[in-house]
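Student: I have a structure open and would like to know what its labels rest on. Can we go through a few of them?

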Amino acid sequence: MLGGGPRDARRTERYLDGLMEAEERGVADVPMDVDIDSAVVLAARQLRADLIRVHPSFRFEEGLAARLARTAGRMSAGLSAIEPAEQLVVRTAPAPIAPFRASGVAAWAELAPAELAPAELAAADDGIATPAAGLRKLPAFATRTPRPLIVGGVGVASAAISIGAVYVAWRWSRAAHTPMVRAVRAARSGRGDASGHGRRAGVLHGILGVTS
Amino acid sequence: MSRTVFGTSEETARPARLDRDRGLVEAARRDPACFDALYRKYLAQVYSYAFYELRDHHAAEDATERVFMQAMTGLPRFEERADSFVGAGSGGDVSADASTFRVWLFRIARNVVANERRRDRRRPVAPLEDAQGLAAADDVVEAVAAREAGGAAWQAVARLPEDRRRAVVLRFVDEMSTAEIAEVLGRSEGAVRVLLHRALRSVAADLRGRLS
């Protein structure tokens with residue numbers, strides 16, 4: 001690795017040190033070895049002039065400063081350094097989930113707290129923005145719901161599966177009210193009027209799906 | 001930031017070789033909110049390093065954020081690691097400008113940037129501007145080339161092998177000493193000297209070729 005001239009490399013290093021110091025002192029004269037490669041000197045001057053230090057945007061700087069301050073506050077309080085924004089608030093809705101007849105914004109409007117603005121609900125309708133919209137209203141969530149559930153991605157998936165299962169069950173119950181099924185049930189209930197046993201059997205048959 | 005960090009008893013207990021950031025580091029360790037001073041001091045340096053390495057404004061911002069979050073949450077562990085940086089590879093001499101915190105911070109940056117580059121290689125993403133045939137406004141090569149002929153210098157640096165380019169950026173953009181670069185890159189000082197010397201010769205040859 002050092003076969004490329006450690007002596008030359010030391011000369012170059014001395015020149016670079018001198019270049020930096022000269023800039024700091026605001027002088028143009030840079031000391032250099034007489035044996036130093038002039039091409040290296042020119043390249044160093046060119047790089048020194050062109051490789052500028054870049055600064056991020058003010059918005060980014062202040063945003064990250066705020067995030068660091070929040071993390072610092074949590075660390076001081078002995079809490080986890082992970083920001084809650086990386087988690088998600090799912091409200092355990094006390095109302096029945098039946099109103100899923102409505103879709104999109106209307107459905108969210110029925111389930112979401114009243115504080116959520118229409119714009120946030122519209123964002124929620126896009127599918128993913130709901131957690132952020134909810135987090136902006138986190139204090140209101142906490143006061144309205146006695147037991148807010150804070151979960152990560154697994155919890156969300158579980159909630160989605162549960163909601164899906166309820167929806168499928170609801171669809172199945174509706175599907176049973178076709179004219180044919182209503183007619184069969186009416187005929188069976190008519191036969192079962194004669195005795196209690198027949199009525200119970202009809203109910204049992206209805207549950208088991210036996211129509212003969 | 002006006003709080004007194006070192007008491008008399010502490011000063012006597014400290015080793016003689018003090019990191020120039022030790023006061024800020026100690027303050028941040030006692031009160032994480034004081035990390036802000038270190039953040040403001042090194043933001044541009046870390047961001048520049050990430051920017052020149054990743055050549056993408058957004059990727060550099062992401063990397064910078066990760067670096068400072070990791071640094072702040074990992075600061076309690078810094079004290080034990082700091083001694084390994086002090087004097088290592090430099091015969092025990094630490095110049096007044098040396099900052100072991102900065103070395104530690106840039107080692108985090110190096111790892112974060114390396115992870116970012118690895119992820120990019122697995123999932124290469126082209127900026128939208130590329131698809132439209134436009135130069136990205138925040139592309140280092142394009143921005144510098146558009147500014148002046150000095151773009152040639154940066155393009156020459158961009159063509160350098162990874163380790164040489166990294167050494168050049170740390171030397172010219174972040175103004176690190178050879179000893180600090182050696183600590184950041186995990187190389188010996190001699191190896192870094194040769195890296196820089198060869199890098200300058202390559203840049204010189206590249207620039208000469210362009211001129212001719």
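Tutor: Start with pLDDT, which is the predictor's confidence in each residue, from 0 to 100. This is a predicted model. The mean pLDDT of chain A is 65, and 45% of the residues of chain A reach 70 or more.

Student: Where in chain A is confidence lowest, and where is it highest?

Tutor: Helix α6 (residues 130–136) of chain A has the lowest confidence there, with a mean of 36. The highest is in helix α3 (residues 58–76) of chain A, at 93. Over residues 88–151 of chain A, pLDDT stays under 50.

Student: Why are α3(B) and α4(B) called oblique to each other?

Tutor: The axes of helix α3 (residues 35–54) of chain B and helix α4 (residues 57–74) of chain B cross at roughly 140 degrees. Angles over 145 count as roughly antiparallel and 65 to 115 as roughly perpendicular, with the rest, apart from those under 35, oblique. α3(B) and α4(B) are therefore oblique. Their axes come within 9 Å, and the crossing is right-handed.

Student: What makes up the contact of α3(B) with α4(B)?

Tutor: Residues including F35(B), Y39(B) and F51(B) come from α3(B), and A63(B), V67(B) and M72(B) are among those from α4(B). The contact residues divide into 13 nonpolar, one polar and no charged.

Student: How many residues does each chain give to the contact between chain A and chain B?

Tutor: Chain B gives 43 residues and chain A gives 38 residues. On the side of chain B, α12(B) gives the most, with 13 residues. That side divides into 25 nonpolar, eight polar and 10 charged residues.

Definitions and conventions:
Residues are numbered from 1 along each chain as its sequence is written. Chains are lettered from A and ligands numbered from 1 in the order in which they are written. This is a predicted model: local features need pLDDT of at least 70, side-chain atom pairs count only at pLDDT 80 or more; totals for chains, interfaces and linings use all residues. Axes are lines fitted to C-alpha atoms, for helices over the stretch in contact, and angles run from 0 to 180 degrees between N-to-C directions. Helices (H or I, at least four residues) and strands (E, at least two) are DSSP runs, numbered from the N terminus. A crossing is left-handed if the near helix is turned anticlockwise from the far one by less than a right angle, and right-handed if clockwise. Two residues are in contact if their C-beta atoms, placed from the backbone, lie within 7 Å. Ala, Val, Leu, Ile, Met, Phe, Trp, Tyr, Cys and Pro count as nonpolar, Asp, Glu, Lys and Arg as charged, and the others, Gly among them, as polar.
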